[in-house]
Amino acid sequence: MDFSLNDEQELIRQTARDFAQRELAPKAAARDLSGEFPVAELKALAELGLMGVNVPEAFGGAEAGAMAFSVVMQELAKADASVAVTVSVTNMVAELISAFGTEEQKKKHVSKLTSGEAVCGAFALSEPQAGSDPAAMKTTATKVDGGWKLKGNKQWISHGDKAGVIVVWALTNKDAGTRGISAFLVEGGAPGLAVISAEHKMGLRGSTTVQLGFDDVFVGEDAMLGTEGMGFRLAMAALDGGRIGISSQALGVAAAALEVSLAYANEREQFGQPIIRHQAIANKLADMATKLEASKLLTERAAWMKDQKIPFSKEASMAKVFTTEKACEICDEAIQIHGGNGYTQDFPLERFYRDVRVTRIYEGTSEIQRIVIARQLIKEASN
Amino acid sequence: MKILVPVKRVPDPELKANIKDGKLDLSGAQWVVNTFDEYAVEAALRLTENADEGSRDGEVVVVTIGPDDAAVQLRSCLAMGADRAIHVASEDANLDSLLVAKTLKAVYDEEKPDMVLLGKQAVDGDTNQVGQMLAALLNLPQATFAASIELADDGKACVVSREVDAGVEFKKLPLPAVVTVDLRIVSPTSITNGITPESHEYADGPRYASLKGIMKAKKKPMDNKTMADLGVSGSPVVKELEVTLPEARAAGQIVESVEELVKKLSEEAKAL
Ligand SMILES: Cc1cc2nc3c(=O)[nH]c(=O)nc-3n(C[C@H](O)[C@H](O)[C@H](O)COP(=O)(O)OP(=O)(O)OC[C@H]3O[C@@H](n4cnc5c(N)ncnc54)[C@H](O)[C@@H]3O)c2cc1C
């Protein structure tokens with residue numbers, strides 16, 4: 001068993017870390033306040049190859065694997081979780097199209113995402129009444145001459161207003177349950193596509209989350225990803241990988257919170273000594289570090305399994321539910337260690353706390369992850 | 001144009017140094033390419049490319065003398081864009097500046113580059129000797145602390161600017177030559193090679209290794225040699241006796257007025 005990164009993964013980590021610390025970290029707090037979307041930074045990330053970490057070289061990717069992707073996400077999220085979510089979703093979309101798209105679709109869309117020509121890609125599954133239960137979606141795709149017409153609303157779509165390409169799920173057959181769902185590739189700015197509203201969020205304020213309206217948006221035959229009725233399966237497959245990304249995002253934020261807390265506990269003195277000398281604080285730090293390590297092991301093992309082409313759905317869910325919950329605890333304790341300072345914007349802890357909270361919600365809530373895990377367990381037990 | 005760039009791995013200067021029993025404790029060290037050597041790699045890449053077209057014109061060979069795991073730092077230079085690497089095996093403890101310079105001379109004799117480009121010093125030992133020693137051993141012209149480099153006379157010479165106390169000094173060196181670089185060598189317009197349009201502005205600082213570069217670096221050639229292969233032998237003439245931290249600085253004071261400052265300077269600090 002070898003727990004170390006190989007040379008390429010280590011170099012990729014260094015590139016992601018250096019970029020994140022030099023170019024992202026200094027402005028993360030300002031973006032949190034202004035809500036500015038970091039277009040230039042995202043383009044620079046694409047030029048470095050970070051928008052197609054696990055995408056074939058033929059379409060501009062680095063083909064560096066899921067472990068490298070996890071490491072990249074951790075480093076970016078340490079500096080700015082908002083940038084990290086955009087990178088995570090864009091990688092997920094690029095990987096999904098690479099895996100299931102036709103040659104034309106890959107040439108047209110994946111290269112745009114990996115090169116930065118399109119600033120990001122979006123994943124439009126959720127709807128106002130269909131979150132944890134995406135099969136309850138109402139958006140329809142109706143067959144017309146030469147293609148399809150999409151109609152309906154998609155809710156909480158990360159950077160759906162900035163994306164060059166959006167994967168949209170819609171019903172192609174209302175009576176076929178999950179087998180009636182198909183996926184389509186829609187270009188940003190397509191006629192009939194509108195940004196209905198933008199959310200005012202607790203965290204991740206440097207990334208946008210929008211409601212998209214599809215008012216008879218026409219797409220050609222060639223816009224369907226995979227085959228008719230295959231959409232639900234594509235979404236679940238993409239989310240398995242996506243969960244490694246979100247787990248890694250949570251890890252990065254938690255690691256940053258621990259790092260800042262350790263430094264603070266060493267410096268801040270009360271009752272005549274650094275607070276780290278008070279056992280209650282030292283114990284907190286010990287617990288935080290232990291939770292972080294356990295989370296990292298779960299997350300990186302899921303990534304490793306994906307790289308080994310071993311089924312990893314259960315492990316990705318385990319990693320996500322455990323890591324995101326522990327990361328929230330770590331960020332909470334980090335505020336506690338900082339006392340009053342932790343509650344103010346002079347320190348990054350309150351931002352970490354707000355940013356990390358969503359990781360327990362999106363790409364499948366903690367409750368849904370437990371359902372996925374339990375279903376697997378039942379299946380394994382009955383074998 | 002063929003450029004040889006010697007690089008050294010150093011413990012990450014951002015991390016705290018641990019001292020145990022009068023020695024640096026490097027057991028938990030994270031190793032990185034010496035900052036100034038990374039600048040030398042960047043400068044060498046700029047000298048051998050057309051940055052506007054993204055094409056290479058020349059060869060950059062990186063060389064390190066160090067233990068097995070120093071190969072990662074060579075890979076990192078290859079990932080930035082260097083073409084080839086040479087790894088001369090040696091434990092750090094068996095080296096000093098002179099032995100390094102002698103080994104580099106042997107590499108130079110095999111490679112016959114047009115220029116040797118090095119960092120002005122390594123940020124661990126800070127000796128600032130290898131470039132100068134190498135130039136002496138090779139009997140080549142040298143320019144140290146280069147802030148800019150311009151290729152001249154159809155690549156037969158280079159003009160190097162150096163920041164000195166009185167201003168900026170310019171030196172014209174016939175090639176081959178040994179040049180050591182300072183921080184400013186990675187500013188946006190510090191390199192002129194006659195190929196990249198003069199209007200081109202680089203981003204400040206050394207380039208990041210792109211993921212593509214990192215994956216490509218796997219396939220680039222890395223030559224493994226020993227000092228014996230190169231005909232170099234001997235032991236260090238410099239011995240490390242003890243490593244200690246400088247004494248901690250006493251806390252500063254905030255004074256209320258100029259009068260108080262003057263009083264303290266004369267009575268307490270006895271500086272006036
Ligand atoms: C910032 C942000 C970005 C997002 N980005 C995207 C995006 O890019 N693309 C996209 O498609 N979606 C996105 N989402 C949507 C996100 O995936 C959903 O919010 C999430 O799946 C939960 O759905 P919901 O909000 O409708 O909650 P609900 O499904 O209504 O759940 C409410 C609560 O009930 C629980 N619950 C639901 N069903 C069960 C059950 N069977 N058993 C036990 N508990 C249950 C849930 O766990 C939760 O606690 C984003 C959301 C946010 C907040």
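Trainee: Between which domains of chain A does the ligand lie, and why is that the reading?

Mentor: One asks which domains supply the residues of the shell. In this predicted model, domain 2 (123-229) and domain 3 (236-382) of chain A both contribute residues to the shell around the ligand, so the ligand lies between them.

Trainee: How many residues surround the ligand, and which are the closest?

Mentor: The shell holds 20 residues, and the closest are Leu125(A), Gly131(A), Ser132(A), Thr365(A) and Glu367(A). Two or more residues each come from β1 (121-124), β3 (147-158) and α10 (366-382) of chain A. The largest share, three residues, is that of β3(A).

Trainee: How does the shell around the ligand divide by class?

Mentor: The shell comprises 11 nonpolar, six polar and three charged residues.

Trainee: Into which domains is chain A divided?

Mentor: The assignment gives domain 1 (7-119), domain 2 (123-229) and domain 3 (236-382). For a pair of domains, one may read the separation of centres and then the contact. The centres of domain 2 and domain 3 of chain A, taken over C-alpha atoms, are separated by 30 Å. In the contact, four residues of domain 2 of chain A meet six residues of domain 3 of chain A. On the domain 2 side, two residues are nonpolar, two are polar and none is charged.

Trainee: At what angle do helix α1 and helix α3 of chain A pack?

Mentor: A helix pair is described by its angle, the distance between its axes and its handedness. Helix α1 (residues 7-34) and helix α3 (residues 66-79) of chain A pack at about 20 degrees, and their axes are 7 Å apart. Because angles under 35 degrees count as roughly parallel, α1(A) is described as roughly parallel to α3(A). The crossing of α1(A) and α3(A) is right-handed.

Trainee: Which residues make the contact of α1(A) with α3(A)?

Mentor: From α1(A), the contributors include Ile12(A), Ala16(A), Ala20(A) and Leu24(A), and from α3(A) they include Val71(A), Val72(A), Glu75(A) and Leu76(A). By class, the residues of this contact are 12 nonpolar, two polar and four charged.

Trainee: How many residues does each chain give to the contact of chain A with chain B?

Mentor: For an interface, one counts each side and then asks which elements supply it. Chain A gives 16 residues and chain B gives 12 residues. On the side of chain A, α1(A) supplies the largest share, eight residues. That side divides into eight nonpolar, two polar and six charged residues.

Definitions and conventions
Residues are numbered from 1 along each chain as its sequence is written. Chains are lettered from A and ligands numbered from 1 in the order in which they are written. This is a predicted model: local features need pLDDT of at least 70, side-chain atom pairs count only at pLDDT 80 or more; totals for chains, interfaces and linings use all residues. Axes are lines fitted to C-alpha atoms, for helices over the stretch in contact, and angles run from 0 to 180 degrees between N-to-C directions. Helices (H or I, at least four residues) and strands (E, at least two) are DSSP runs, numbered from the N terminus. Angles under 35 degrees count as roughly parallel, over 145 as roughly antiparallel, 65 to 115 as roughly perpendicular and the rest as oblique. A crossing is left-handed if the near helix is turned anticlockwise from the far one by less than a right angle, and right-handed if clockwise. Two residues are in contact if their C-beta atoms, placed from the backbone, lie within 7 Å. Ala, Val, Leu, Ile, Met, Phe, Trp, Tyr, Cys and Pro count as nonpolar, Asp, Glu, Lys and Arg as charged, and the others, Gly among them, as polar. A residue is near a molecule or strand if its C-beta atom, placed from the backbone, lies within 6 Å of it. Domain bounds come from an automatic or database domain assignment.
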